[in-house]
Amino acid sequence: MGIRLRGIKFGSIILILQVVFIILIGVLADYHSTDHIQTSSYPYPNFQDVNVMIFIGFGFLMTFLKNYGFSSVGVNLLIAVVCIQWSFIVRGFIHADVLGGDGFKLGVPEMVTSNFATATVLISFGAVLGKASPSQLIIMGIIEVILAQINEYIGVDLLHTKDVGESMFIHMFGAYFGLAVARVLYNPDVEESSKEGSVYHSDLFAMVGTVFLWIYWPSFNGGFDPVYKERAYLNTFLSLCACTAVTFAVSAMLDKRGRFDMVHIQNSTLAGGVAVGASANMPMKPFGSMIFGAVAGLISVLGYKFLSPKMAKSLRIHDTCGVHNLHGMPGVLAAIGAAVLAALSDNWSKSDQYGIFPETLPKRIVNETGNLTVLGGMGRSALEQGGYQIAAAFITLAFAIVGGVITGFIMKLPIWDAPKEDSLFDDVDNWELPEEGVPGAVRPNHYKVSEGNPESPIREKLLSTTTTPGATTLTQ
Amino acid sequence: MGIRLRGIKFGSIILILQVVFIILIGVLADYHSTDHIQTSSYPYPNFQDVNVMIFIGFGFLMTFLKNYGFSSVGVNLLIAVVCIQWSFIVRGFIHADVLGGDGFKLGVPEMVTSNFATATVLISFGAVLGKASPSQLIIMGIIEVILAQINEYIGVDLLHTKDVGESMFIHMFGAYFGLAVARVLYNPDVEESSKEGSVYHSDLFAMVGTVFLWIYWPSFNGGFDPVYKERAYLNTFLSLCACTAVTFAVSAMLDKRGRFDMVHIQNSTLAGGVAVGASANMPMKPFGSMIFGAVAGLISVLGYKFLSPKMAKSLRIHDTCGVHNLHGMPGVLAAIGAAVLAALSDNWSKSDQYGIFPETLPKRIVNETGNLTVLGGMGRSALEQGGYQIAAAFITLAFAIVGGVITGFIMKLPIWDAPKEDSLFDDVDNWELPEEGVPGAVRPNHYKVSEGNPESPIREKLLSTTTTPGATTLTQ
Amino acid sequence: MGIRLRGIKFGSIILILQVVFIILIGVLADYHSTDHIQTSSYPYPNFQDVNVMIFIGFGFLMTFLKNYGFSSVGVNLLIAVVCIQWSFIVRGFIHADVLGGDGFKLGVPEMVTSNFATATVLISFGAVLGKASPSQLIIMGIIEVILAQINEYIGVDLLHTKDVGESMFIHMFGAYFGLAVARVLYNPDVEESSKEGSVYHSDLFAMVGTVFLWIYWPSFNGGFDPVYKERAYLNTFLSLCACTAVTFAVSAMLDKRGRFDMVHIQNSTLAGGVAVGASANMPMKPFGSMIFGAVAGLISVLGYKFLSPKMAKSLRIHDTCGVHNLHGMPGVLAAIGAAVLAALSDNWSKSDQYGIFPETLPKRIVNETGNLTVLGGMGRSALEQGGYQIAAAFITLAFAIVGGVITGFIMKLPIWDAPKEDSLFDDVDNWELPEEGVPGAVRPNHYKVSEGNPESPIREKLLSTTTTPGATTLTQ
């Protein structure tokens, strides 16, 4: 009965949210007037690339867990549709004068920004993958969208910092928020669980996610810059290539048998997309993006190998997907890199400098005949702009960590039905599962036993007598 | 010998069809004269999105059956290439003056309409998945393409109704046609089969299909409207989001343990794309599309839970993929919704009303100075347009059901090699299979036994003594 | 210790290459000046389609091997990122006056040509799949990129031949190069290996690759022709459809039980994209492309059925993926077809003839009034152009075979750590593997035994007593 109630409670939360979304969007949202002729600056094919990253990329990347594949791709979908709708509304309140009586407009560009907003939450999802219930994840998403969008507003609209691929406002924020949540939710049982691992084919499913993320990352980083988008595409592509090569190299060098570790290949190969994200549209020369990528691949693999185990043991931060190594540290690298580039931007061509950092355009100039011309810039020096970039990074870090800790405590409230010990990293609580279960996975399908199975009288007996791992079948 | 003959017969059918296609396209088809410079109104990237839906989306969505994955994605490909070529020709005869001596033109827009024509057949394929031979499916496709294209011609060209995402002319038609075929082919053995189910990883393969369909559905619904495409993208996206949230909610609420049912997540999450398809380009406000989606998710899950079992038992309509819940009922909802919106379209801006329903433009007007201006419209009232929309829906329903029943009887002719009882939901008749077979699936690989296996003397003995499901092997 | 050293050696090779790439690109490469506004003739969405083909298409197509999936998709990624960066540089040296002091420019068109250059290597990879170490493959790629790009330069820039989808310069070259390498590396052990096969789900993963290659092939063949791209899209699409239908037909007709062979469906269905690639933009009429496709499907299936086993036995050319049937013979067909079409091009409209073969434009003409006008063409006759096309094909063949033989001998040097007998077709040397291994695959996870497994004391005993194939576990 309590089990059934859990479903009704969860369903009610979602239905209430959905009704609220319909009412708020009904009252406040309309189409862009420019919808009628495609005039938006955001190219629709790029939207679809980002869309694949969110739903296939993140969804399948997380299917590496052998017993948690349905939740990885399924709950990823659930979180996304809730956060997308919610971020339409949150962004409407932030960016339009909603309280002053105006509504907000929706169209292709907003479909992308809502996907971006969702990416933040899906990164955090990676840190707590297998350790939080759908209800917990939904409340996390609802809070995180608000905080991340406010943080982005501070960084972009108030501090006038640049982050074309949102390495700070999405990747850094999502990673450290998720790590803070993971710290608060820390449960020593996770270290004991034999289910936190992959089987051969679950790792291949994860590679579907990895490779699509890899492929479409240039569209993610470049889509929002109508002028320098080709440069952003190339920089991201080069960064990913260098990052991937270094990932393979370091992964093999660190293994005591000289083999690649699938965890590195699934994740660290993507760190180059994050690391170059904040500066992808900047004139760093092609080799500059390769350096970003190479460094990102190196620190990401080292992070998986040495830092993550330490964080789990010493800091009690258990990071299921290693988002710190894929999004966190590479995000910090991106922030620092963009700040350095900004500080040096007065060495660029003026069109590049003012095109990317219009804040460094003078407020006004006096020309040779003594006339004053108002240019409308903010008159920041390049160095000042670099300082603002760093400030935005620190604010992001603070917002993410404090917000994540508070959100973690909210998620700990018993009403959200956190998973019990033996359903960690397991679909069993959330999904009706096929009788045969995961081939090669740790457990026989114990979840079916209590329902009885007339076709398989031998089954229950077996289940009670064996604990052999790795066996689909066993015997007499 | 009879087995070998079956392959030769099937191959001959396909080869003859292919020769006929080459001859007819050779005699009748040419490139668009506008090919030389890309001037077509249909954006090529949208074609590719639709292409992914047809070949990956439909193909993998159906791989959920544990023993029928090769057929799902493979025969999906076969049906598609036959129906695509055939629909070029059929649509040429319908839309060009072929009999009057003209040929027809092919280019990117025709590549999309042929993909659309194929989608109709692939929907019907879902209703009879695992229960019809490739030959039966090919003859079904050949007939269905003709009927569906005539029906679309009646609806679009004669009745001047609108269905931008073809919810009526593809989804409704394909679903009810398939259900009628399934009724005629009804075989009580299917209810006994232990093979109509999934294993863990077959469900993950199906999610590859689901998620790609979900992602690219806006391109499907919006590609053909050059003016209002952005509105169609947004409406479809919002409808899918709302539909998916409601699907998760209702799925959990209906389960006695509060868990999600993978069948619902794989299918009902997509119903929102169907439900809003007929009216995706209309100015229903963003929240309007969310209501379409929410209602579609609700009726789709309820359909899977309550209606489909009843249809199988009482009406003897066994619907393998539940196309009635994904395409049928949501298609009806789309048709009704579009009719209601059409009837109210005189409340829209004139540019919207006349842009979408030019039929409601007056034939001529007398202006204030008494001069008569011919506008060239049809002078329909909005209400009349709504009536025509409903008429097209009824005609579609009638065409689909009557056509499906007749086609079903043709498919029952013994020449098409319908599958025998124990090859229902099984690739065994159609595919050379790897020796090891499906991990965790019901049966040992009995299809290899008769060929002997020198490496595994123990094997045959086992196979004859065990029927335990869920076991790949067991022993002693 | 030797094992660990192997990883350090491999990693060092990659890191040194990466440093060299960064230095050379740092010294030589810059952005296109036209980057700032998207003016390149190459459409970015087509780049992304090609990108999916390289990383998902090739990567997953090769996952059909049951024990070699990690290497298929993983090492595919590794080879690609190395060859992409390397080909930027190689193409820079060939196409820009690098030695004269100029650098080269990078942007979206170069991202596509580097993907194309990589495709050549990945095709060769298919011929030696499971039989070469990552180090061997990297040295192969480094050499092959140079040779293939020189060959393409001779064909395109010196001989002025046309090959819009690079059927000669990529597919033929890659296939015969790979076959030559496979001949030199020939190891009789491969014929004994029980690991060269698929399991049910590995074949489904391969279909993800197949279907994405199938879908995006029109973008591959058409992207580089800004004028006739729509014709190239249509011709490729039609060729693939006809090819696929014929593949299914012939596959079933040749099987003694009338079933489809998954090998044919995974590969031969794509031969139509190769066969029409060299002439996809030519006015062959729609039915012309269907004939290309139909013939390609036929010879490809016949090749898999009859030729490949003979090549392995008699010529000692073991071709794991059958690249001869997918890329080799269809590439030859493409080359012949393009030459014939070129020779007949004086029957086309002049705009088509001169648009596609500007070499056939006269050098100068004398008009009726006796004045001489310089047209700047090369004055080739159509027949001469056909001759040049054939010449380019022969040069490609020679370059590929001689280059492949030499490269094969270089790859045989012991420093590259070629796989030992029992790690043929096996990830075991290259990857840390999940404990449970491949469901249904031939071997128990022997690679874990030596590390011991405290949770599974029974395991080692079992592993030492059983050799039954097809069983994950068995017993007493």
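A residue is called buried when its relative accessible area is under 20%, exposed when over 50%, and partly exposed in between (1.4 Å probe, protein chains only). The model described here is predicted, so local features need pLDDT of at least 70 and side-chain atom pairs count only at pLDDT 80 or more, while totals for chains, interfaces and linings use all residues. Residues are numbered from 1 along each chain as its sequence is written, chains are lettered from A and ligands numbered from 1 in the order in which they are written, and side-chain values use heavy atoms, with hydrogens and water left out.

Let us turn to the charged pairs. Side chains of opposite charge can pair when their charged atoms come close. Across all chains, 21 salt bridges are found (a side-chain nitrogen of Lys or Arg within 4 Å of a carboxyl oxygen of Asp or Glu). One of them joins C:K195 to C:D426, with the closest N and O atoms 3.0 Å apart. This pair links distant parts of the chain, 231 residues apart. C:K195 counts as buried at 10% relative accessibility, and C:D426 is buried at 1%. In another bridge, C:D255 meets C:R259 at 3.1 Å between the closest N and O atoms, and both residues are buried.

A further bridge, between A:K285 and C:D30, has its closest N and O atoms 3.0 Å apart. Here the pair crosses between chains, from helix α12 of chain A to strand β1 of chain C (helices are DSSP runs of H or I with at least four residues, strands are E runs of at least two, numbered from the N terminus). A:K285 is partly exposed at 36%, as is C:D30 at 24%.
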